[in-house]
Every structure is written in structure tokens, then in C-alpha cells.
Amino acid sequence: MADIDPIEERRQREDQERKNQGLKKTMYIMIGVAAVLFILLAYIWISKSMLVKDLNVEKQDLTQQVEALKSDYDNLQSDYESINSQLDSSRDEVSQLVERIKKTDATNRAQIRKYQKELGTLRSIMKSYIVQIDSLNTLNHKLTADAAAARKEAAQSKAESEELKGQVEDLSGKVATGSVIKARGLSVAAYNSSDKVTDRSSRVTRLLASITLVENDLAPKGPVRVYLRVKDPQGVLLTNDVQTSFNYNGETMVASASREVDYEGKEVDLSIYLNGIPSYSSGIYTVEAYTSQAFLGKTELLLR
């Protein structure tokens with residue numbers, strides 16, 4: 001057997017040691033990369049979990065706000081038929097909104113934002129109901145007080161004739177029932193060029209308002225013109241080339257559109273179109289209806 005060269009043997013041993021060190025370095029690098037990947041995945045998982053948690057909290061808060069608004073609508077009462085009809089419609093919208101929110105995944109942020117905007121709109125509508133109810137209650141209290149004062153004056157005046165007493169009784173009757181024409185169910189919808197309902201402001205070509213004049217035997221019979229005033233989200237009155245004006249409570253007001261109907265004391269349904277408006281912007285439009293003797297109602301239209 002030939003003797004192994006000591007120099008060659010040492011060289012082979014050094015080569016083997018270098019190989020072993022290279023393998024160790026490679027192993028350490030792979031361990032380091034694996035550790036970094038593990039930390040990165042853990043960070044992503046924790047961030048996603050926190051985001052989902054926050055979105056669920058946001059959805060729960062929105063649900064509670066809508067349910068609170070639903071309770072407020074349920075507790076809001078009115079003695080006026082026209083407002084009660086509008087309240088019923090708004091209560092249905094709130095109830096439907098509650099159900100839609102519950103069925104929507106919290107991670108659907110676009111839909112949640114849309115529901116938040118709807119909540120704001122329904123809150124604004126409720127405020128308008130409260131203002132209307134307060135105004136009507138104040139007016140009724142004043143009429144009742146005026147009637148009471150008239151009856152007291154009639155009772156205290158011995159010189160008054162039976163005709164004056166009849167006028168006081170007639171005034172009391174008018175306070176109870178009202179002699180002005182009243183209305184209910186004011187609503188408005190937007191239509192596109194294909195005569196289909198739309199809520200896209202860029203596609204709207206005209207508006208259609210519908211309202212019902214209620215039965216009132218004490219109201220004067222004959223032609224009655226109903227005036228429509230439509231204001232855009234900035235509060236600017238919409239008018240076209242056929243604009244008209246009317247006198248209400250001693251003030252001359254401009255109408256966006258109007259229509260005359262024959263009123264004989266019975267219920268009358270009518271619709272009024274608003275055409276000729278060049279363009280519409282997104283936001284809440286306010287719609288009011290009048291006769292020259294009375295304010296008939298108010299509603300709102302939301303365009304996207």
C-alpha cells in the first residue's frame with residue numbers, strides 16, 4: 001500500500017472544512033429567510049384580523065344608529081293624515097335599511113358607506129317632519145285660542161245679535177274642520193329619457209310629483225291651481241321657460257311648475273311634471289306643494 005502524502009491529505013481536509021462551512025452558511029441564510037417570511041405572514045394575518053374587527057365594530061355601530069332612528073320614527077306621532085302617510089313610508093325605509101345592513105358583510109366597505117349616507121338622509125327627513133308637526137300644532141293652538149277668545153267676547157257682549165253668535169259658532173266649526181283645501185301623499189320621482197324611474201342625476205330629464213287633494217265639504221268649489229317649488233341641493237329654485245308665480249300669505253312666490261284641477265270637495269289625485277331643466281346634480285332635492293291659500297306638503301328626493 002502506497003504511503004499517503006501528508007500535504008495532499010491536509011489539502012483535502014481543508015477543502016472538506018471549507019465545504020462544511022459553506023453548507024452551514026447556506027443553512028443559516030435559509031433559516032433567516034424562513035424566519036423573515038414567518039414574521040411577515042404573522043404581521044399580515046394580525047393586520048387583517050384587526051381590520052376585520054374594526055369593520056365589524058363599524059357595522060355594529062351603524063346598525064345601532066339605524067335601530068335608534070327606527071325607534072325615533074316609531075315614537076313620532078302626528079294628528080295630520082298627510083304627515084302620517086309620509087311617516088309610514090319613511091318607517092318602511094328605515095326598517096328595510098336595518099335588514100340590508102344586517103345582511104351585508106362588514107368588509108363590503110362601499111356598501112357600508114352607502115348605508116351611512118342613507119342614514120343621514122333619513123335623519124334629515126325626520127327633522128323636516130318634526131318641523132312640520134310643530135308648525136301645524138302652533139297654528140292649531142293659535143286658531144283654537146282665537147276661537148276661544150271670540151266665544152268669550154261674544155258671551156260678554158250683551159249687545160251682540162244672534163247673527164254674531166252664529167258667526168262665532170261658524171268660526172268654531174271652521175277651527176275644528178278647516179275650510180282650506182288640504183292634501184296628502186306628496187311624492188316625487190325622477191325619470192330618464194326612456195321614461196323610466198332613475199336615481200342617477202346624470203340621466204334625469206324630468207321630475208314627476210304626485211299629490212292627493214283630500215275631501216273637504218267646507219272648502220270652496222271650483223278650479224284650483226297647485227304650485228310646485230323644487231330646490232336643488234344648494235337651495236336654488238329650479239325654473240324653466242314656463243315658470244309662473246303666485247301669491248301666498250301676501251308674498252309673491254315663483255313656482256317651478258303648476259297644474260290646475262277642478263275641485264268639487266271630493267278627493268282628487270293629480271301629477272305635475274317639471275320639464276326643461278338642463279341638468280341635475282347629485283344630492284337631496286326639496287319639493288314643496290302649495291295652493292294660493294295653503295301649504296300642501298313637503299318631501300325630498302335623493303339623486304346619486
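**Surface, helices and strands**

Tutor: The protein's accessible surface comes to about 19600 Å², and carbon and sulfur atoms hold 52% of that surface. Such areas come from the Shrake-Rupley method with a 1.4 Å probe; for residues, only the protein chains shown count as cover. This is a predicted model: local features need pLDDT of at least 70, side-chain atom pairs count only at pLDDT 80 or more, and totals for chains, interfaces and linings use all residues. Residues are numbered from 1 along each chain as its sequence is written, and side-chain values use heavy atoms, with hydrogens and water left out.

Student: In what order do the elements of the protein run from the N terminus on?

Tutor: Helices (H or I, at least four residues) and strands (E, at least two) are DSSP runs, numbered from the N terminus. The protein has four helices and nine strands. From the N terminus, the order is α-α-α-α-β-β-β-β-β-β-β-β-β.

Student: What percentage of the 304 residues is buried?

Tutor: Buried means under 20% relative accessible area, exposed over 50%, and partly exposed in between (1.4 Å probe, protein chains only). Across the 304 residues of the protein, the buried share is 33%.

Student: Of the contacts between residues at least 6 apart in sequence, what share joins residues at least 24 apart?

Tutor: Contact means heavy atoms within 4.5 Å. Among contacts between residues at least 6 apart in sequence, the share joining residues at least 24 apart is 68%.

**The α2 and α3 pair**

Student: Are α2 and α3 roughly parallel or roughly antiparallel?

Tutor: Axes are lines fitted to C-alpha atoms, for helices over the stretch in contact, and angles run from 0 to 180 degrees between N-to-C directions. The axes of α2 (residues 81–103) and α3 (residues 109–156) come within 11 Å and cross at roughly 160 degrees. That angle is why α2 and α3 are described as roughly antiparallel. Angles under 35 degrees count as roughly parallel, 65 to 115 as roughly perpendicular, the rest as oblique, and over 145 as roughly antiparallel.

Student: Is the crossing of α2 and α3 left-handed or right-handed?

Tutor: A crossing is left-handed if the near helix is turned anticlockwise from the far one by less than a right angle, and right-handed if clockwise. The crossing of α2 and α3 is left-handed.

Student: How do the residues of the contact of α2 with α3 divide?

Tutor: From α2, the residues include Ile83, Leu87, Val94 and Leu97; from α3, they include Leu119, Leu122, Ile125 and Ile133. Ala, Val, Leu, Ile, Met, Phe, Trp, Tyr, Cys and Pro count as nonpolar, Asp, Glu, Lys and Arg as charged, and the others, Gly among them, as polar. The division in this contact is three charged, three polar and 12 nonpolar.

**Single residues**

Student: What separates the C-alpha atoms of Leu119 and Gln65?

Tutor: Leu119 is in helix α3. Its relative accessible area is 3%, so Leu119 is buried. Setting aside neighbours within four places in sequence, Leu119 is in contact with Leu62, Gln65, Val66, Leu69 and Leu97. Gln65 is 54 residues away along the chain, yet the C-alpha separation is 8.2 Å.

Student: How far apart in space are Ser82 and Arg184, C-alpha to C-alpha?

Tutor: Ser82 sits in helix α2 and is buried, with a relative accessible area of 14%. Not counting residues up to four places away in sequence, Ser82 touches Ala183, Arg184 and Gly185. Ser82 and Arg184 are 102 residues apart in sequence; in space, C-alpha to C-alpha, they are apart by 3.8 Å.

Student: How far apart in space are Val268 and Thr212, C-alpha to C-alpha?

Tutor: Val268 is in strand β7 (residues 268–274). At 17% relative accessibility, Val268 is buried. Val268 and Thr212 are 56 residues apart in sequence, and their C-alpha distance is 5.6 Å.

Student: Is Asn249 buried or exposed?

Tutor: Asn249 is in the loop between β4 (244–248) and β5 (251–255). Asn249 is not a glycine, yet has a positive phi of about 55 degrees. With 66% relative accessibility, Asn249 counts as exposed.
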